[in-house]
Structure formats: C-alpha cells, structure tokens
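Look at the structure before reading on.

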Amino acid sequence: MVVPEPGLPTAVTIYEVGARDGLQNEKALVPVEVKEEFVRRLLAAGLPLVEATSFVHPTWVPQLADAAELMTRLGEVGRDLPVLVPNERGLDRALELGLRHVAIFGSATETFARKNLNRSFDEQFAMFEPTVARAREAGLDVRAYVSMCFGDPWEGAVPVDQVVAAGVRLLDLGASQLSLGDTIGVGTAGHVTALVAAFTAAGVTPDRLALHFHDTYGQALSNVQAGLRAGVTTYDASAGGLGGCPYAESATGNLATEDLVWFLTGLGIEHGVDLTSLVATSTWMAGHLGRPSPSAVVRALGG
C-alpha cells in the first residue's frame, strides 16, 4: 500500500554504486564481461546514474584493474556513466576514454585521509585541486564524496563542523554535488538531521547534497527518512547491498538499492526504477559471487 508522508519530496534520484563501491571489496575477481552485463542490467532497470568503476591503481584495488577495458566495452553508453578518479592520473585515463562524469573521494578525518589517500586532512584538498580544475576545464561534471561523516573507526565520533568544513572545501574546488558518506554505518536519524541543517547554515542547500548510508547497525532506511524530511533528494545505494570499504574493516554493506526502492515506493516517491528487473539483476549477480544477497527485499522477492 502506498501511503505518502506530507512534506517529503515527490521524487528522488538514486545514484547506483554497486558496480564500483559494491564490487571493489570482493575477494574474488569478477570477470570484466560480468561487470559489463551488470552495468547494462542496472541501466535497463531504470537507474539513472550508475557509477561504473574507479581508475585507481590496481595495487590498491585489484578488483577494478580492468577499469579502462570495462569502459571501452561499454562504448558510448559508458561515456555518460560516472567513474571515480583518485588523482590526476586517474583523470587522464578518464579523459582519454572521452568520459563526461568523474568523482573524487575525500575524507572528513585526518586518520582516514592518511590511510586511504596517503595525505593529511589538509593535503588532500591540494591533491584534488588540479584534478577538479582540469576536469571542469574539459567540460566534465565532478562529484565529490566525503567519507567518515558520522564516525571513524580510529577517531570515533566526527564533529559536525569538521564534516561541514571538509565538504565545503570540496565544493569550493568546483564539485557540483557532495555525497556525505556514513562509511562505517554508525549514523542515526537525528545525526542526519543535524548534519544537513549544518550544511544549510553554511550555505550548502540540500539539493547539492547526496547521502550515502551503510546498514551496519540497521539504520540506513531510518537515516534516509531523516534525509528526506531535511529535503535531500539524491541517495547512493548498491544493488543487492553489495560492498563496504576496503580501508575500513568495520564497514559492512551499502544500503541495498532494492530496499531503498521498496521504501520510496511505499511513500509514493517517484524513483523510476523497475524493482522486478533490479531484483533479478541482483539475484543474477549473487549467483556469480557465490553467495546470497544481503538485501532484505532481494531475499523476499528473489525466490
């Protein structure tokens, strides 16, 4: 039954991260032809944005060593799909392939910046500056992620003002959208409300924000509801609940796209995704990975 809640947005954008954030943490290598079909299936299910891969050094994320081959196989379709570029070398590869959308990945904490980027908190912005500038000069859209927005496994709770400072600096470099990541899944609804309000007070309106939740403690959907009430209309999710963070061992799977779609449908919020097709895709991918999907909706509908 569809029962709308007054005051919520009438439509949202789901930013699908399963092909990149979902697969990067897999222990077994997924063949590039399977990745290609995964991306094409996700697009066919109606997902408007599918982040396909990352041009990161294969030593750090071996699972994504085939990034250039994947984007080449996807052809013209791939040119409109976002890819993660950790630095200028990654951007060079994206430009060579004629891609139009890139993302950078920063940290709200000192420790994670050093572990993930080999830079200090302040040094990361200097690293990103030429990457974003060159991308914008080439006409590319740039999205910025900021991780550890709610808690850090080494530093504990992360102050809201520290997250806002990091996010504003990334936007000031030239990013069009900022995705706030609950990397280890410790966020709660009130914390989401406070964080979005703090960004608004800093001049960053909710339409420039996206929210990226992990379901480590089962709070992802309640956090989405808090985000909706705060006016955020873009949500990252991963088909089948795939993924975690290879640099934060306590980070379990992303919010499953199917669970998000079911939740939004019940509220009468438009999302454009065919749930039956998406469940079939995640069931198919679970077969390739050799384990069942952690998504509650996939388990309920996948048969």
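Q: Is Phe 121 buried or exposed?
A: In this predicted model, the relative accessible area of Phe 121 is 15%. Buried means under 20%. Phe 121 is therefore buried.

Q: What is the relative accessible area of Phe 125?
A: Phe 121 and Phe 125 both belong to helix 6 (residues 121-137). They lie four residues apart, so about one helical turn separates them. Phe 125 is buried, with a relative accessible area of 5%.

Q: How many aromatic pairs does a search of the whole structure find, and which class does the pair of Phe 121 and Phe 125 have?
A: The search finds five aromatic pairs. The ring centres of Phe 121 and Phe 125 are 5.4 Å apart, and their planes meet at 80°. Planes over 60 degrees apart count as edge-to-face. The pair is therefore edge-to-face.

Q: Where is Phe 213, the partner of Phe 150?
A: The rings of Phe 150 and Phe 213 have centres 6.3 Å apart and planes at 55°, so this pair is tilted. It links distant parts of the chain, 63 residues apart. Phe 150 sits in the loop between strand 6 (141-147) and strand 7 (151-152), and Phe 213 is in strand 10 (residues 209-213).

Q: Which word describes how helix 9 and helix 10 lie to each other?
A: Helix 9 (residues 220-229) packs on helix 10 (residues 257-266) with axes 11 Å apart. Their angle is about 50°. Roughly parallel needs under 35 degrees, and roughly perpendicular needs 65 to 115. The two helices are therefore oblique.

Terms used. Residues are numbered from 1 along each chain as its sequence is written. This is a predicted model: local features need pLDDT of at least 70, side-chain atom pairs count only at pLDDT 80 or more; totals for chains, interfaces and linings use all residues. Side-chain values use heavy atoms; hydrogens and water are left out. Axes are lines fitted to C-alpha atoms, for helices over the stretch in contact, and angles run from 0 to 180 degrees between N-to-C directions. Angles under 35 degrees count as roughly parallel, over 145 as roughly antiparallel, 65 to 115 as roughly perpendicular and the rest as oblique. Rings of Phe, Tyr and Trp (its six-membered ring) pair if their centres lie within 6.5 Å; planes under 30 degrees apart count as stacked, over 60 as edge-to-face and the rest as tilted. Buried means under 20% relative accessible area, exposed over 50%, partly exposed in between (1.4 Å probe, protein chains only).
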